[in-house]
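Please examine the fold shown below before reading on.

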Amino acid sequence: MKKILGLFSLCLMFGGSYCIAETVPGQIDDFEKARSAYESGDFQAAADIYEKFATVQPNGNLFYNLGSTYQRLGRTGDATAALLAARYYMPRDPDVKANLSFVQSNAKDQVVAKFDKTWPEKFWSWTQFLSPNEWWVLMSVLWCLAGLGYLLWIFRGRKTPFMVSFALTLFCSVGLYMRAQQGSTWSAIVGDEVSVHSEPTDQSTAIFKLHNGAPALVESESRNWLRIRIATPSESLYGWVKKDQVRSFL
């Protein structure tokens, strides 16, 4: 029994250390330079440093800082894309929500970064409450509990702990998949005026226009086109835009 508990503790230790390692920037000097550049008004220098880490060390604080820097540079579309990424990594952070709302309030289009959910989406909406790091730790703990329950079943004949822990693990695994489907494809329009087409071709009908900073959910891809979904106060709209007219950090 002591060996089983030791294995469980080891798994928890590794899960927690992963979370810390991903959320603490590894290049402290560069981040200090970016902060100093931002505070001195050299926003482009700060953006250059943050952009360097956006793909290799993504985390919520990085994208929040990048979004704030883009906002200062007047790059509304890029700011929206960065803050949407920050929301993905820090879904409960009030500063991220406030900044994203502020940027959207200054955009030309009345488009919001959320939708009226269908009943399956409403059922799985709780999955958006946890960040990717928190999900990683939760799933590590659940799999350890399932492993512990399995050992109790094998060596003690107690089947119920394994069945309960395995069912909970399976349920949360589906929840994690649904979170990825619902939250990781947010992007923003980066062109001054972008025509949204009915089909992924230049010859198709332009059904409406979007402007810099409008948030959009990417649903599919065809060659160099993306099918997007946007939410207006009254309805959801769909259409195709070219890839280079959309920015996403997710």
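Ring pairs join Phe-63, Tyr-70, Tyr-88, Tyr-89 and Phe-249 into a cluster; here the rings of Phe, Tyr and Trp (its six-membered ring) pair if their centres lie within 6.5 Å, and planes under 30 degrees apart count as stacked, over 60 as edge-to-face and the rest as tilted. The model is predicted, so that local features need pLDDT of at least 70 and side-chain atom pairs count only at pLDDT 80 or more, whereas totals for chains, interfaces and linings use all residues. Residues are numbered from 1 along each chain as its sequence is written, and side-chain values use heavy atoms, with hydrogens and water left out.

A pair of aromatic rings is described by the distance of the centres and the angle of the planes. By the rule above, the count is 11 aromatic pairs. One of them is the tilted pair of Phe-63 and Phe-249, with 5.4 Å centre to centre and 50° between the planes. This pair links distant parts of the chain, 186 residues apart: Phe-63 belongs to helix H4 (residues 60-73), and Phe-249 to the segment after strand S7 (246-247). Helices (H or I, at least four residues) and strands (E, at least two) are DSSP runs, numbered from the N terminus. Phe-63 is buried at 0% relative accessibility, and Phe-249 is buried at 16%; buried means under 20% relative accessible area, exposed over 50%, and partly exposed in between (1.4 Å probe, protein chains only). The rings of Phe-162 and Phe-166 have centres 5.7 Å apart and planes at 25°, and therefore the pair is stacked. These two residues are four residues apart in helix H9 (residues 160-183), which separates them by about one helical turn. Phe-162 is buried, at a relative accessible area of 15%, while Phe-166 is partly exposed at 35%.

Charged side chains form another set of links. Side chains of opposite charge can pair when their charged atoms come close. The structure holds 11 salt bridges, a salt bridge being a side-chain nitrogen of Lys or Arg within 4 Å of a carboxyl oxygen of Asp or Glu. In one of these, the side chains of Lys-52 and Asp-30 meet at 3.3 Å, N to O. Lys-52 lies in helix H3 (residues 43-54) and Asp-30 in helix H2 (residues 28-39), so this pair ties together parts that are 22 residues apart in sequence. Lys-52 is partly exposed, with a relative accessible area of 47%, whereas Asp-30 is buried at 17%.

Elsewhere, Glu-51, Arg-75, Asp-78 and Arg-247 are linked in a network of salt bridges.

On the surface, Phe-123, Trp-126, Leu-168 and Phe-171 form a nonpolar patch with about 370 Å² of accessible area together. Patches are made of residues with over 30% relative accessible area and no salt bridge, like charges being joined within 9 Å and nonpolar side chains (Val, Leu, Ile, Met, Phe, Trp, Tyr) within 5 Å. Accessible areas come from the Shrake-Rupley method with a 1.4 Å probe; for residues, only the protein chains shown count as cover. Trp-126 is found in the loop between helix H7 (119-123) and helix H8 (132-156), and is partly exposed at 32%.

Arg-223 has a positive phi of about 55° although it is not a glycine. Most residues other than glycine have a negative phi. Arg-223 sits in the loop between strand S4 (215-222) and strand S5 (225-231) and is exposed, with a relative accessible area of 59%.

As a whole, the protein chain comes to nine helices and seven strands. Of its 250 residues, 41% count as buried.
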